[in-house]
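Subject: The structure, and what turned up in it

Hello,

Here is the structure I promised to pass on. Have a look at it first, and then read my notes below.

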Amino acid sequence: MLSFSSPFPQIRDARWFQLGGQAAILGVGLAVLGFSVTVAQIAAAIAAALAAQWIGAALIAGRFDWKSAAISGLSLALLLRANDVWPFVVAAFIAIGSKFAIRAHDRHIFNPANIGIVAMIFFSDAAWTSTGEWGSALWLAALIAALGALSTWRASRLDVPVVYVGVYAALMIGRALYLGDPLPIPALRLSHGALILFAFFMISDPKTTPEDPRLRALFVAAAALIAYVMQVHFFISDGIFYAPVMLAIMRILIGGAGKGGYEWGRAPAPFIRWTNRTPSRAPAE
C-alpha cells in the first residue's frame with residue numbers, strides 16, 4: 001500500500017488545487033492557444049454558477065458553497081464554446097440546478113459542468129465543445145496532467161484519470177494494432193488536451209464517482225469504453241461528455257447511486273486502496 005504525506009498540509013480542501021489548476025490552464029489557453037472564449041463569457045459562466053449556487057442554497061436553507069460553483073463555471077469556460085454569452089449562463093444554471101434538483105441518498109448524481117455542457121450541445125445549436133482548440137502538444141498534455149494529478153491526489157481520486165486514460169489507451173492502441181495502423185495515430189489521440197483535461201478535472205469529481213474504489217474503477221472504465229465506441233464507431237466527437245451522463249442515468253435506474261459520499265476537506269487516501277474503508281476526515285477548518 002502506497003501512502004504519501006501532503007506537501008500542503010495546511011490546505012485541506014482539494015478544491016483549492018482544482019481552482020488553481022483550472023485557472024492556470026485557462027490562462028495558458030487564452031495566452032498561448034488563442035481560445036475563442038471571451039472575458040465576458042468567462043465572467044458570465046462563473047457569475048451565473050455562483051448565482052445559481054446562492055439561489056439553491058437559499059431555497060434549501062443550506063450553506064453557500066462558492067468553491068464548487070466556481071469550479072463548474074471554470075469548467076464551462078474551458079470546455080464550452082458559443083457565439084453569445086447566454087449559452088454560458090444557461091449551461092451554468094443547468095449545471096448547478098442539477099445538484100439541487102436531481103439527487104439520490106442526499107447527494108447529486110450528475111457532474112454539474114458535464115450535464116450543463118451536454119444539455120447545451122444536445123438540445124440547442126447555440127453551443128459546441130472546445131475539443132478542436134486543444135491540439136495534441138505533449139507539453140500541454142503534461143501540464144494539464146501535472147496540475148490535475150495534484151488535485152485528484154488531494155481529493156483521493158488519482159486512480160480515476162489513471163484508469164480512464166489507461167482503458168482508453170488500451171482500446172485505441174488495440175484498435176491500431178488490429179488494423180495495422182502506425183502507433184503515432186493513437187498516440188496523437190491520447191495526447192489531446194481535451195481528453196487529458198476531462199480525465200483529470202471532470203470525470204474525477206469525487207462527489208459523482210463511486211466511493212468504493214472497485215466500483216469507481218468499473219464506472220470509469222465503462223465511461224472510457226462508451227466514449228471510445230461513440231467516437232470511433234459512431235463518429236460522435238463529444239462522446240467523452242455523453243458517457244458520464246449515460247452512466248449516471250443508469251445508476252439512477254438501477255438504484256446504484258450509493259449511500260454516503262465524499263466530504264471535502266478530509267485527508268487524502270493512499271493511491272492504491274482496494275477496500276471500501278473511508279479515510280478519516282481532517283479537522284474542520
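Arg81 forms a salt bridge with Glu133, and their closest N and O atoms are 3.0 Å apart; the term stands for a side-chain nitrogen of Lys or Arg within 4 Å of a carboxyl oxygen of Asp or Glu. Arg81 belongs to strand β1 (residues 80-82) and Glu133 to helix α6, so to speak of their places in the chain, they are 52 residues apart. Helices (H or I, at least four residues) and strands (E, at least two) are DSSP runs, numbered from the N terminus. Arg81 is buried at 1% relative accessibility, while Glu133 is partly exposed at 22%. Here buried means under 20% relative accessible area, exposed means over 50%, and partly exposed lies in between (1.4 Å probe, protein chains only). The charged end of Arg81 also sits over the ring of Phe35, 5.0 Å from its centre. For that, NZ of Lys or CZ of Arg has to be within 6 Å of the ring centre and within 35 degrees of the ring normal.

Before you go further: this is a predicted model, in which local features need pLDDT of at least 70 and side-chain atom pairs count only at pLDDT 80 or more, while totals for chains, interfaces and linings use all residues. Residues are numbered from 1 along each chain as its sequence is written, and side-chain values use heavy atoms, with hydrogens and water left out.

Back to the charges. The whole structure holds 7 salt bridges. In one of them, Arg157 and Glu211 meet at 3.0 Å, N to O. Arg157 lies in the loop between α7 and α8 (159-179) and Glu211 in the loop between α10 and α11 (213-233), so this pair ties together parts that are 54 residues apart in sequence. Arg157 is buried at 0% relative accessibility, and Glu211 is buried at 12%. Another salt bridge joins Asp13 and Lys67, with 3.9 Å between the closest N and O atoms.

Now for the rings. A search of the whole structure gives 7 aromatic pairs; rings of Phe, Tyr and Trp (its six-membered ring) pair if their centres lie within 6.5 Å, and planes under 30 degrees apart count as stacked, over 60 as edge-to-face and the rest as tilted. Phe122 and Tyr242 have ring centres 6.3 Å apart and planes at 80 degrees, so they are edge-to-face. Phe122 is in helix α5 (residues 112-123) and Tyr242 in helix α12 (residues 239-253), so the pair ties together parts 120 residues apart in sequence. Which of the two is buried and which exposed? Phe122 is exposed, with a relative accessible area of 54%, whereas Tyr242 is buried at 15%. Phe198 and Phe241 are also edge-to-face, at 5.7 Å centre to centre and 85 degrees between the planes. Phe198 and Phe241 form one aromatic cluster with Tyr164 and Tyr168.

Finally, Gly135 sits in the loop between α6 (131-134) and α7 (138-154). Leaving aside neighbours within four places in sequence, Gly135 is in contact (heavy atoms within 4.5 Å) with Ser191, His192 and Gly193.

Best wishes
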